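Open the model in your viewer and keep the selection tool ready. We will go from stop to stop, with a short note at each.

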Amino acid sequence: MSEGTTGRYEPHSVEASRQAAWSERDAFRTPPLNEDQTHLYIKPSAPFTSGNVHIGHVRSYSIGDAYARYRRARGEDVLFAFGFDAFGLPAELGAIAGGEPPSVWVDRCATHMKGQLLRLGFSFDWERSFLSSDAVMYRWSQWLFLTLYEAGLVYRGSGTVDWCDHCQTTLASIQVEAGGTCWRCHNPVRLVELPQWYFRVSAYVEENDRRLAEREAGGAWDKVALDSQQEVLGRVDGVELDLRAPDGSTVTAFTPHAEALAAASFVVLSPRHPDAEAWAAEPAVAEQLEQLRSGGWERSARDAESIPLLDTGRTLEGPAGTFLPVLISPVVDARFGPTIALGVPSQDRTDEVLAARLGLPGAEEGDASTAPAGRPAVRYKASDWVISRQRSWGTPIPIVYCESCGTVPVGREQLPVLLPLDITPTGTGNPLAELEEFVRTECPACGGPARRETDTLDCHFDALWLWLPACVPPESREEPIEQILALADLRHWLPSERLVAGSDSGNFVFDQRTVTKALRDIGPLAFLTDGEPFAGCLFHEMVIRDGRKMSKHLGNVVDPDELLERYGADTVRLAVLYAARPQRSLNWSDSAILRCHRFLNQVWDYEHGKLALAGSASESQVPADTSEHLRLKLAQWCEAAVERTTADMESLEMHSAVRNVMRLFDRIKDFEKRVLARELSLSPANIEALLAALSVLVQMLGPFAPHVAEELWLALGHEEGGAQTPWPGVSFKVPA
Ligand SMILES: [Zn+2]
Ligand SMILES: [Zn+2]
């Protein structure tokens, strides 16, 4: 028993003493592989090294940590570790603001954030944590790039990409806000044509769709997570049919309007369709296509009224036997992906607008009897994304350009291609491209002079593998990637039993599901036969205040450090869990904090009061025992509370679990009141029953408010050890 167990509840001393004890006994080290033991890998999200842990992080990790602690409390082996997502624009802009190299900025932020997370008492295995910007880690990106390149899943393409003039960089589609503005600087984004590297997501879109039903049937993916995957897929069901050109060749066109094929009045190609060039062969048309691709239009011109629309001057024989004009427009991409679509103005508002712009007849029905039936077909909006960026704070792409050999991949044995760390970016251009000692190199194929690729990988590319290294024991971290992927550890821990992440993680998860299938087919992850990295997935909503997103601008930011200072970690953790279901936005108010702080204080005082009583009670004072039935009742209340709370923990309904624990405390006090109504004082048997019930209560409090729960557990005379106070009804000895 430590000093803090007498007197009033002092969260800071309790938390400091428990954290020291956990560190002393290495409580959260990942257990050695033991196939006979239930084991699971719980994957928290990878935070950006953005400077500070915010209240949204606190919510996310409080949910994941409560789940991890609950599973350990059941005697199960848990892997719970994460890495910092340290590359990318946020870190680079932070460094620009501070006028220092991003590596310095990132290291300082990560150290500070780790301190905050430690102060909160999250049970991460810190030995396994990492920064994605460490060379030993970003070689994962380079290895993956080469592996996917060889498999044809990464390719050099040229096409329209979102470009921010202000940030001088290309953006991933999810970095473009709904209004066509940059996620970072909120300036309008343009579409421009640049040579880029792409990740061929399209190869696995159909399987990702098909596997989703299995995810749903498994029951461990919540609805928000499942919906996010549907949204990324953007599946459209319809039909496709072959249309004949005057020269006898055919093209396949798609429409969601299977019943109205005869009413089609035009055909429209995506500018990204492989046949677009052939259809725009006419010099004047080719020039327009070129303009359209090279940024002749604002991204905001996305609605049917203003989106670029290019008439090729050519025709195709439509389903009703008449010849239809062939157009090219990016309107197709946003709706059906890079395909060819039939325009059916009578069925479709967008098509109606396009037809009007072309002076084509509007809502004509057509003669349905002459139209052929289409083949059932599906299109997806999800498509290949750009993985390269023209910025310096990212993983160097392991490619060199040689005058004689062309594009040459760097050999795996030469990885990592090191990123120079002494670059201090200014916010414009790409300083990496200006660094001759980086750019000039030897061709790996012929030994002649060559130049390095100076684009770096988008940090979204790092996210493809960020879920893997937690499975790697620290002593194997430096081994070649092939060797790491062959470790028994990966077969042991994967797939992750549960991902706990914010509801905005849909794109990351989709791409992680894609790359898992690619690595399954290529070989290294063949043991994941369904190509799914996560057996379960919980997407939680964010923390808002006054019904609005928190921002410095609005002055409504909740500072976790202030709350910690005032109430301690246990209260803050308990409050974010208590305040709302994970799937609901948590609208911040201080009432949850105050309620939880009062609760912990009351439990503390109550338990210590009863312990003092137990010490002073003597047999001679024992009144006649008239309360045996009440003790029985108390035991039943405890049993029911354990049953309900266990069910809540299994389904990560932390909000309900916390309430069940609070209700048990009310019942314990109610028991005492009823006993005292019958008997003058608490008999030793009744004190014993109360302390037993309090034992159950603090056991269930353990996953939410782990410091105070363990302190109270020890005060009740239990032993210290293992990772976690055991769950009620579970007895196990974990090697200390
Ligand atoms: Zn921008
Ligand atoms: Zn060469």
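Start with a term: a residue is buried at under 20% relative accessible area, exposed at over 50%, and partly exposed in between, using a 1.4 Å probe and protein chains only. This is a predicted model, where local features need pLDDT of at least 70, side-chain atom pairs count only at pLDDT 80 or more, and totals for chains, interfaces and linings use all residues. Residues are numbered from 1 along each chain as its sequence is written, chains are lettered from A and ligands numbered from 1 in the order in which they are written, and side-chain values use heavy atoms, leaving out hydrogens and water.

**Stop 1: leucine 652**

Select leucine 652. Its relative accessibility is 1%, so leucine 652 counts as buried. It sits in the loop between helix 20 (628-650) and helix 21 (654-678). Helices here are DSSP runs of H or I with at least four residues, strands are runs of E with at least two, and both are numbered from the N terminus. Now check the backbone: phi of leucine 652 is near 55 degrees, a positive value in a residue other than glycine. Most residues other than glycine have a negative phi.

**Stop 2: aspartate 546**

Select aspartate 546, in the loop between strand 25 (543-545) and strand 26 (548-549). Phi is positive here too, near 55 degrees. Is aspartate 546 buried or exposed? It counts as exposed, at 60% relative accessibility.

**Stop 3: the zinc ion**

Select ligand 2, a zinc ion. Which residues coordinate it? The SG atoms of Cys402, Cys405, Cys443 and Cys446 do, at 2.2 to 2.3 Å. Donors are N, O and S atoms within 2.8 Å of the metal (3.2 Å for Na, K and Ca); water is not among the atoms, so sites may look incomplete.

The angles among the 4 donor atoms are 105 to 114 degrees, and the site is tetrahedral. For four donors, that word requires all angles to lie between 85 and 135 degrees. The ideal tetrahedral angle is 109.5 degrees. Along the chain, the donors follow the spacing C-x2-C-x37-C-x2-C.

Cysteine 405 is in the loop between strand 18 (399-402) and strand 19 (406-409), and cysteine 443 is in the loop between strand 20 (440-442) and strand 21 (449-452), so this pair ties together parts 38 residues apart in sequence. Cysteine 405 counts as partly exposed, at 36% relative accessibility. Cysteine 443 counts as buried, at 3%.

**Stop 4: two cis prolines**

Select leucine 415 and proline 416. The peptide bond between them is cis, with omega near -5 degrees. Proline 416 is in the loop between strand 19 and helix 12 (436-439). Move on to leucine 494 and proline 495, where the bond is cis with omega near 0 degrees. Proline 495 lies in the loop between helix 15 (488-493) and strand 23 (498-502). Most peptide bonds are trans.

**Stop 5: tyrosine 578**

Select tyrosine 578 in helix 18 (residues 569-578). At 13% relative accessibility, tyrosine 578 counts as buried. Show its contacts, meaning heavy atoms within 4.5 Å. Beyond residues up to four places away in sequence, tyrosine 578 touches Ala592, Arg595, Cys596, His655, Val658, Arg659 and Met662.

**Stop 6: a helix pair**

Finish with helix 3 (residues 89-98) and helix 4 (residues 102-119). Pro90, Ala91, Gly94 and Ala95 of helix 3 meet Pro102, Trp105 and Val106 of helix 4.

Technical notes: Four donors count as tetrahedral if all angles lie between 85 and 135 degrees; four count as square planar and six as octahedral if opposite donors are over 155 degrees apart and all others between 65 and 115; anything else is irregular. Axes are lines fitted to C-alpha atoms, for helices over the stretch in contact, and angles run from 0 to 180 degrees between N-to-C directions.
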